[in-house]
2 protein chains.
Amino acid sequence: MSKKITPRNKDYSQWYNDIVQHAELAESSGVRGCMVIKPYGFAIWEKMQQALDVMFKETGHSNAYFPLFIPKSYFNKEAAHVEGFAKECAVVTHYRLKNDNGNIIVDSNAKLEEELIVRPTSETIIWDTYRKWIQSYRDLPILLNQWANVVRWEMRTRLFLRTAEFLWQEGHTAHETKDEAIEESKLMINVYAKFAKEFMSMPVIIGTKTENERFAGAIETYCIEAMMQDGKALQAGTSHFLGQNFSKAFDVKFANKQGKLDYVWATSWGVSTRLMGALIMSHSDDKGLVLPPKLAPFQVVIIPIYKGKEELVLIDEKVNDLIQELKSKGISYKYDNRDTHKPGWKFAEYELKGVPIRLSIGKRDIDNDTIELARRDTLEKKIYKFDSISNEITRLLDEIQDNLYNINLKRMKDNTVECVDFDDFSSKISSGFFVKAYWDGTTETENKIKEKTKATIRCIPLEKSKVMGKCIITGKQSKDKVIFAKSY
Amino acid sequence: MSKKITPRNKDYSQWYNDIVQHAELAESSGVRGCMVIKPYGFAIWEKMQQALDVMFKETGHSNAYFPLFIPKSYFNKEAAHVEGFAKECAVVTHYRLKNDNGNIIVDSNAKLEEELIVRPTSETIIWDTYRKWIQSYRDLPILLNQWANVVRWEMRTRLFLRTAEFLWQEGHTAHETKDEAIEESKLMINVYAKFAKEFMSMPVIIGTKTENERFAGAIETYCIEAMMQDGKALQAGTSHFLGQNFSKAFDVKFANKQGKLDYVWATSWGVSTRLMGALIMSHSDDKGLVLPPKLAPFQVVIIPIYKGKEELVLIDEKVNDLIQELKSKGISYKYDNRDTHKPGWKFAEYELKGVPIRLSIGKRDIDNDTIELARRDTLEKKIYKFDSISNEITRLLDEIQDNLYNINLKRMKDNTVECVDFDDFSSKISSGFFVKAYWDGTTETENKIKEKTKATIRCIPLEKSKVMGKCIITGKQSKDKVIFAKSY
C-alpha cells in the first residue's frame with residue numbers, strides 16, 4: 001500500500017512528512033519553498049481562522065487589509081527591524097514582461113525606480129498608514145488585524161513549519177499609553193494560549209523571549225511554546241510590545257489629553273499556518289493524523305458495509321435519520337457510501353485523515369438496531385444501540401477534545417525537568433526534554449549553551465521563580481529560571 | 001465640514017471618490033496602485049466573502065491555497081493566456097537585500113535563476129498542480145476555490161475598481177466531459193447573479209463575451225454586467241469555460257471510463273473587490289454610502305439624545321432592552337453613546353456610512369414610550385411606539401433590501417433601449433444608456449463602434465433574440481442582438 005506511514009520511532013521527520021502527504025494536507029509546489037495547501041488541510045486552517053477571528057472580534061479588533069508590497073526604503077526606517085527582516089525576501093524590480101521572438105523576457109525598460117519587497121511582515125507599511133489616521137488621543141486605540149500571505153525567503157523549508165510563503169494573521173494596534181500597549185500584547189498572547197488549549201487541545205507555556213530571540217523591533221516579545229512528540233519546542237504564536245519604535249520611525253504622533261504631542265505606543269501579534277504543523281505533531285500517531293473535534297473538517301464519518309444495492313438502500317435510510325439528528329446538533333459529518341472503494345480502504349483512509357469518530361453500519365446492525373463506533377484518539381471500538389448513538393457522539397466529541405489535551409499536558413509535564421548540573425542538563429536536552437534552569441541573563445551564556453547543546457531559551461515563563469539560583473553554566477546568581485529546549 | 005460629498009450631477013467621479021474616502025472604505029497607500037482597505041470597507045467585503053463562500057460550498061466546492069508566485073516559464077505554455085496576462089505584472093528577480101554602508105540595496109548575488117511573477121490569476125500554477133492530482137476519471141471532478149490577492153500592474157488605478165493589487169476568489173475546476181465543464185461555468189455565473197441580486201440588491205444581465213472581450217485562454221466567457229448610476233456598465237463577475245486549453249498546455253490527461261486517455265476539461269471563475277465599487281455606485285446618493293442590509297457591517301445604529309448623565313442612564317437602560325431583542329434576532333447594531341461627539345455629527349456620520357436604519361431616542365421618547373426611526377434608503381423618518389420597534393426593524397430590513405433592488409431594476413429598464421439607427425445609437429450611448437442592437441459578429445465592426453462611440457459590447461445576452469436583424473453599422477443580417485455600453 002502506497003499510503004504507509006513511517007513509524008515515529010523509526011524516523012520522526014519522515015513520519016511528519018508522510019502524514020502531511022497521505023492525509024492530503026499540503027504538498028510542495030513547482031515554486032521553491034512555496035506550498036500548495038490541499039482542500040483537506042485548508043479546511044482545518046479555515047476552522048482555525050474562524051475560531052481565532054471570533055476571538056479577535058470579541059476582544060474589540062476589526063479586520064482590514066494593507067498592501068502586499070512594501071517600498072524598500074520603508075525598511076530602512078527602523079534599525080533593528082531592517083536587520084531582522086530586510087534580508088531574505090522576495091524583491092520586485094520590474095513591472096512588465098515582453099515577447100522576444102516567442103520567448104517571454106523581462107522588459108528592461110520597465111524597471112521600478114524603487115524596488116518593492118513582498119511583505120515579510122507589515123509593521124512598516126501599516127505604521128506609514130497610521131501616521132495619516134492618528135492626530136489625537138480620540139483616534140486611539142486602533143485595534144486592527146489582517147489575514148494575509150507573507151514571504152520570507154527561507155533556505156531550508158518544511159511544509160507548514162517553514163515555508164517561503166505562508167498564511168497568517170497579523171494584529172497591529174496603536175495606543176495612547178505604554179501600559180495600555182503592554183496590556184494589549186499580554187491580552188493577545190493569552191488569546192493565543194486559550195485558542196491552543198480549547199481548539200487545538202494543545203497546552204502551551206506562556207513567557208517572554210530573551211533579547212536574542214526577540215522580534216526585530218520589539219521591546220518585549222511574548223510567546224507561547226508547545227512541546228511536540230519528539231520533545232522539541234515549537235513557537236506557536238508571538239505578541240510584541242513594540243514601544244514607540246515604529247511610531248518614531250514613521251513619525252506617528254498624537255495630541256494627548258493634556259494637548260501635548262507624544263509618540264504612539266504599538267503592539268503586533270501573529271499566528272500562522274505553522275499552527276498546522278503544531279497540530280499534526282501534537283496528536284498524530286503511526287496510523288496517521290489525529291484531529292481534535294473542534295478543528296476537524298468533519299467530526300464523524302459514517303461507512304456502510306453492505307452486499308448489493310438492496311442492503312445499501314436499507315442502510316441509507318437508517319443513516320439518513322441519524323444525519324438529520326447530527327445536522328440539527330451542528331455536528332459535521334460525511335456519509336461515504338461510494339461504491340468505488342471498499343470499507344477496508346475507507347477505514348484506513350479516514351483513520352489516516354484523523355476523523356475523530358468513525359461509525360460503521362451493516363446488515364446485521366440493521367437487524368439488531370445497532371451501530372459500531374470507533375474513536376480515533378484511543379482506537380477503541382464499541383457497539384451501541386442505534387437510538388443512543390447521537391447522544392453518545394455529542395458526549396464523545398467533548399471527551400476526545402479533552403483527552404487529547406490531557407495526553408499532551410501529561411507529556412509536557414513528564415518531559416519537563418529542572419537541572420542544576422550542566423552534564424545532567426546536556427543529557428536531558430539531548431533526550432528531548434524541556435529543561436528549566438537558571439540563566440545569568442547574558443546573550444553570551446545563551447549562545448554558549450546553544451553551541452554546546454543546540455538548545456535555545458524558549459521563554460522566560462511569566463510565572464517568575466521566587467528564589468534565586470545559580471546559572472547552569474556560569475554559576476552566577478540569577479533570578480531568571482528559564483526554559484531550554486531544542487526547537488523547530 | 002470636511003466630509004462634504006460632491007453631488008453626482010456635478011462630478012460623478014469625484015462623488016465616487018468622496019464616498020470611498022469619507023465613508024472610510026479605502027484609501028491609496030504609499031505603494032503605487034495598491035490600496036489600503038479600511039476596517040469599515042473590509043467589514044463589507046467580509047460579508048460578501050461569507051455569503052459567497054456559503055454559496056460555493058453549497059454547490060460542492062472546497063477552498064484550497066496555491067502559491068503567490070508563478071515561474072515565468074509557466075506563462076509561456078498557453079499561447080493566448082500569456083498575451084493576456086504576462087505583460088503588466090510584478091516580477092520578482094532577487095531574493096535578498098544587503099546592507100551597503102547603512103543603505104539597504106538589492107544583493108546582486110541573489111538573482112533568481114528564473115524570475116517569478118506575482119500571480120495575476122492562477123490557472124497556470126493550478127493546472128501545473130492538477131497534473132499531479134489527476135490520473136483517472138475517479139479523480140474528477142475537482143471543484144476548488146481560493147480566496148487570494150492578485151496583482152496586475154495597471155497604469156491608471158481607481159480605488160476598488162482598478163488597483164494593482166486586489167482581493168478576489170478564483171474557482172478552478174476540472175471535469176471529465178465538455179458538457180460538465182460548460183454546466184459548471186454556467187452554474188457559477190448564475191451563483192454570481194444570485195449573489196448580486198439577493199445580497200447586493202443589484203440586478204445584472206447574464207451573457208457571454210465576444211471574442212475580443214473574452215478571458216485570455218477561454219473558449220467562452222460568461223459574465224454578469226450591472227448598470228451604474230451614470231449608465232456605465234460594470235463587469236461584476238466572470239466564469240470561463242476553458243475547454244482543454246490548460247490541460248493541453250500542462251499535459252493533464254486522465255483515463256476515462258473506457259480506459260482511454262483524454263485531456264481534462266476546465267473552468268475558472270472569479271469576483272473581486274471590484275464588487276465594492278459596484279455596490280457603492282449602485283445605491284449611494286449625495287449624502288453618502290447606501291448599503292443593502294445584508295451587507296451592512298451593522299444594520300441599525302442607535303443614537304441617544306440627552307442632556308446630562310441622568311438622562312443618559314435612563315436611555316441606556318431602555319436601549320439595553322432593545323439591544324437584547326436585536327441580538328436574539330441576529331440583527332447587527334451599534335449603540336453610539338459616546339460623549340465625544342454630538343448627535344448631529346453622529347447623524348451625518350452614519351448617513352455617510354450608509355447604515356440602513358438609524359434610531360434616535362431622547363428624554364421625551366422615554367416619557368412617551370416612543371423612538372424615532374430613519375431609513376437610509378428613502379431618508380424617511382417616523383416615530384414608533386417603543387414596543388413595536390423590533391418587529392418594525394425586522395420588516396424594514398427586508399423592505400430596504402428589496403427597495404434598493406427595485407430602484408436599480410427600474411433604472412436599468414428605464415435606461416436600456418433598442419436602436420436600429422446608428423445616429424440614434426450614438427446619441428443614446430453618449431447619454432449613458434445600455435443599447436440593444438444587432439451586430440454582425442465581427443471584431444472589425446466591434447472595434448469600429450468602440451472607436452466612434454467608446455461603447456463596447458458588454459455581452460451577448462443568454463436569452464437569444466428570436467428574429468434576425470440588421471447590424472447597427474454594416475447593415476448585414478445578423479442573429480446577434482447584443483448589449484452595448486460604455487463601461488468601467
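Biologist: How many residues does helix α9 of chain B have, and how far does α9(B) reach from its first C-alpha to its last?

Modeller: This is a predicted model, in which local features need pLDDT of at least 70 and side-chain atom pairs count only at pLDDT 80 or more, while totals for chains, interfaces and linings use all residues. Residues are numbered from 1 along each chain as its sequence is written, and chains are lettered from A and ligands numbered from 1 in the order in which they are written. Helices (H or I, at least four residues) and strands (E, at least two) are DSSP runs, numbered from the N terminus. The expected span of a helix is 1.5 Å times one less than its number of residues. In this case α9(B), residues 308-329, has 22 residues and reaches 32 Å, close to the 32 Å expected. After α9(B) comes G330(B), with a positive phi near 75°.

Biologist: Which residues of α9(B) are buried, and what covers them?

Modeller: An α-helix has 3.6 residues a turn, so residues three or four places apart point the same way. A residue is buried if 20 or more other C-beta atoms lie within 10 Å of its own, exposed if 12 or fewer, and partly exposed in between, with C-beta atoms placed from the backbone. In α9(B) the buried residues are I315(B), V319(B), L322(B) and L326(B). Their cover includes the strands β16 (300-305), β17 (333-335) and β18 (357-362), together with the helices α11 (363-368) and α12 (389-414), of chain B; contact here requires that the C-beta atoms of two residues, placed from the backbone, lie within 7 Å.

Biologist: How many residues does each chain bring to the contact between chains A and B, and which element gives the largest share on the side of chain A?

Modeller: Chain A brings 52 residues and chain B brings 52 residues, and on the side of chain A the largest share, 10 residues, comes from strand β5 (residues 88-100). Two strands pair if DSSP finds at least two bridges between them; here β5(A) and strand β5 (residues 88-100) of chain B pair in the antiparallel sense over 5 bridges, and V91(A) has H94(B) as its bridge partner in β5(B).

Biologist: Where does R8(B) lie, and which residues does R8(B) touch?

Modeller: R8(B) lies in the segment before α1 (12-22) of chain B and is partly exposed, with 18 other C-beta atoms within 10 Å. Not counting residues up to four places away in sequence, R8(B) touches W15(B), Q229(B) and D286(B).
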